[in-house]
Amino acid sequence: MLKISKLHKSYPIGDSSLHVLKGIDLSVEAGEMVAIMGSSGSGKSTLLNIIGMLDEADEGEYILDNVPIKNLTEKKAAIYRNKFLGFIFQSFNLINYKSALDNVALPLYYQGLKRKERIEKALFHLEKVGLRDWATHLPNELSGGQKQRVAIARALAANPKLLLADEPTGALDTTTSYEIMDFIQSLNDEGKTILMVTHEEDIANMCKRIVRLKDGVIMEDVFVNQVRASQYV
Amino acid sequence: MRFLFERDTWQEVYDSLTKNKLRSALTMVGVWWGILLLIGLLGSAKGLENSFNRLFGSFATNSVFVWAQSTSKPFRGFQEGRLVQLKISDAKKIEENVDGIEFVVPRNRNQALVVHDFLSGNFRVAGDYPLLDKVSKKKMIRGRFINQTDIDEKRKVVVISEEIYKQLFEKDAEMIDKYIQLNSMNFKVVGMFETGNQNMGPTDDMHIPFTTFQQIYNLGENIGFMMITGKPEYDIVQIESDAKLILRNLNNVHPEDNRAFGSFNLGKEFAKLTSFLTGMQFLTWFVGIATLIAGVFAIGNILLITVKERTKEIGVRRALGATPFEIKRQIVVEAVFITILAGLFGIISGGWILIALDNAFGQGTDAVLVNASVSITVVFIALLILVFLGTLIGLIPAFKATSIKPIDALREE
């Protein structure tokens, strides 16, 4: 599904540069649910951004679904993002002047689908996250948990191969966090590959595999016994 | 270009404009004001031009009036101070010998006591050829102007102005084929013309055939003055000096005697006004277009700020798979749409301004602005310029928007 080898990335800071990723090797199979953990500055977000094609590595290889991701033009990256990836952000990043339905339909718009088809699909995914009745509401009329569920529906809308989540529960309280995790787990049960960045142990333990980063290298990469979030809900 | 006809493109434009009403409104004010000024100014300039044209309208503008005065230099045994008299033959000679002459119209004028029934008054009577109608157009309300038969038969007919009619006739009384007395002679009224513009000096109250005038005032070949009209492609100032030179020669006047013949060069006065108008029109365009450009820059400026404000949104869109081209296209469409919309509002309210100007200054015969208006071509050109500038100015924020990496746009504070 996803294969990364000897990945390096550094950011220029003034005259010197900060070496953030120092040779990462990671491979993820289809159907996995991986948590990337690490303290701030460990490079976990950078790794996720490179996987998400929002950023490019300086060195190393990245193969996604047998497609080498290299020398991307902005246009190509946009098409790959649209086709392969679904993003879930900590702060939801919904477009605040668009209704929940329109937010979910946005990636489909960029896929070039017809309006009718888009609305149909978007409604289907809203139904799936249990927010069909909220379709016409604007993001500021929704609670945090609802917003994140709309964001998940949006990430799912384009039917991506890989779901990338950057601290998906970071802005939510514990109860809501577990609800969201329960939902993400159910997606994984259906076969979606999920990669998430988190710094919360309990959330990480709800994944099937934990990768710990420190100072730009992988310290630990273990498979864990998944804690089902449903028992807390 | 297919995207221009897609509902989604416009839905996006509509959403982003209506969800930010104040921003959109402020953006539009710049262009709206620019085009409003352009149309208001151009319309006023046109109105002023029209009012000048109306002032001169009844006269062939390439004309000069020439009359005789007294000499200021002794010549060929004549003393200075001699009164010079113009003759019909002078007019004929000028017509034959000066280049570029269209017509030469000899005229006579006098005061006469005019009586109809119990009403009477002292009016200006002119003896004229039918040709006068070509040089100084008469707008006939009733009947006809003097014709060649009147001249040939020295008929006692008269063409009166509307003003005279009002003074000599009862209200709504018929005037055609009625008789009025001029210096105790009966003249038949054959026509009535609209009173000309008073701004061009006193106009004639009534016209009788030139030959009749000669006879009743016993003038012989003498004429009061003549109107010389040049062909449009000839310089009227040159014609004036040529004509005067011939007149001096024919009347034994010193070639350098400038006072023997007086003249009023309508063409020269008209040219002065025309160049004034041209200058004013240039100024109008300059001010209007400068304002327009300022307005378009305001749009660009606000869009640029907006793009900064929307950095995150643009980042999200790109994370969801929008290509840079799609983002740019959307911003340019927004810019063009908002400029056109503001432009159209400007055109409409510019029209209202012109209507208001017309109501305030455009009524009556002595109006300052006559038919203040802008041609539809000019409006379309202005709109085209707007579209062009709108596209150009939209490109700046569009490039700015896509130069930010999506990762930077999405990074948490």
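What is the mean pLDDT of chain B? It comes to 83, and 95% of the residues of chain B reach 70 or more; pLDDT is the predictor's confidence in each residue, from 0 to 100. This is a predicted model, in which local features need pLDDT of at least 70, side-chain atom pairs count only at pLDDT 80 or more, and totals for chains, interfaces and linings use all residues. Residues are numbered from 1 along each chain as its sequence is written, while chains are lettered from A and ligands numbered from 1 in the order in which they are written.

**View 1. Confidence in chain B and in the model.** Among the elements of chain B, strand β9 (residues 206–209) of chain B has the highest mean pLDDT, 90. At the other end, helix α13 (residues 406–410) of chain B has the lowest, 74. Helices here are DSSP runs (H or I, at least four residues), as are strands (E, at least two), and they are numbered from the N terminus. Scores for the model are ipTM 0.88 and pTM 0.66.

**View 2. The six-stranded sheet of chain A.** Follow the strands of this open sheet in the order β6-β7-β8-β3-β9-β10 (chain A), and you'll find mixed pairing. Strands pair if DSSP finds at least two bridges between them. At the edges sit β6 (85–88) and β10 (217–223) of chain A, each pairing on one side only. Neighbouring strands of this sheet are turned by 15° against each other on average, direction ignored.

**View 3. Strands β3 and β9 of chain A, and the helices on the sheet.** Strand β3 (residues 33–37) of chain A and strand β9 (residues 209–214) of chain A pair in the parallel sense, over four bridges. Look for Ile36(A): its bridge partner in β9(A) is Val211(A). Helix α1 (residues 44–51) of chain A packs on the sheet, touching β3, β7 (162–166), β8 (193–197) and β9 of chain A. The direction of α1 of chain A makes about 145° with that of β8(A). Helix α5 (residues 144–157) of chain A packs on the sheet too, touching β6 and β7 of chain A, and its direction makes about 170° with that of β6(A).

**View 4. Helices α3 and α4 of chain A.** Helix α3 (residues 100–111) of chain A packs against helix α4 (residues 115–128) of chain A at an angle of about 120°, with their axes 9 Å apart. Axes are lines fitted to C-alpha atoms, for helices over the stretch in contact, and angles run from 0 to 180 degrees between N-to-C directions. So α3(A) and α4(A) are oblique to each other (under 35 degrees is roughly parallel, over 145 roughly antiparallel, 65 to 115 roughly perpendicular, and the rest oblique). Among the residues making the contact are Leu101(A) and Val104(A) of α3(A), with Ile119(A) and Leu123(A) of α4(A); contact means C-beta atoms, placed from the backbone, within 7 Å.

**View 5. Helices α1 and α11 of chain B.** The axes of helix α1 (residues 7–18) of chain B and helix α11 (residues 324–361) of chain B come within 10 Å and cross at roughly 70°. That makes α1(B) roughly perpendicular to α11(B). Thr9(B), Glu12(B), Val13(B), Ser16(B) and Leu17(B) in α1(B) meet Gln330(B), Val333(B), Glu334(B), Phe337(B) and Ile338(B) in α11(B).

**View 6. Where chain A meets chain B.** Here 23 residues of chain A are in contact with 20 residues of chain B. On the chain A side, α2(A) gives the largest share, six residues.

Notes: Two residues are in contact if their C-beta atoms, placed from the backbone, lie within 7 Å.
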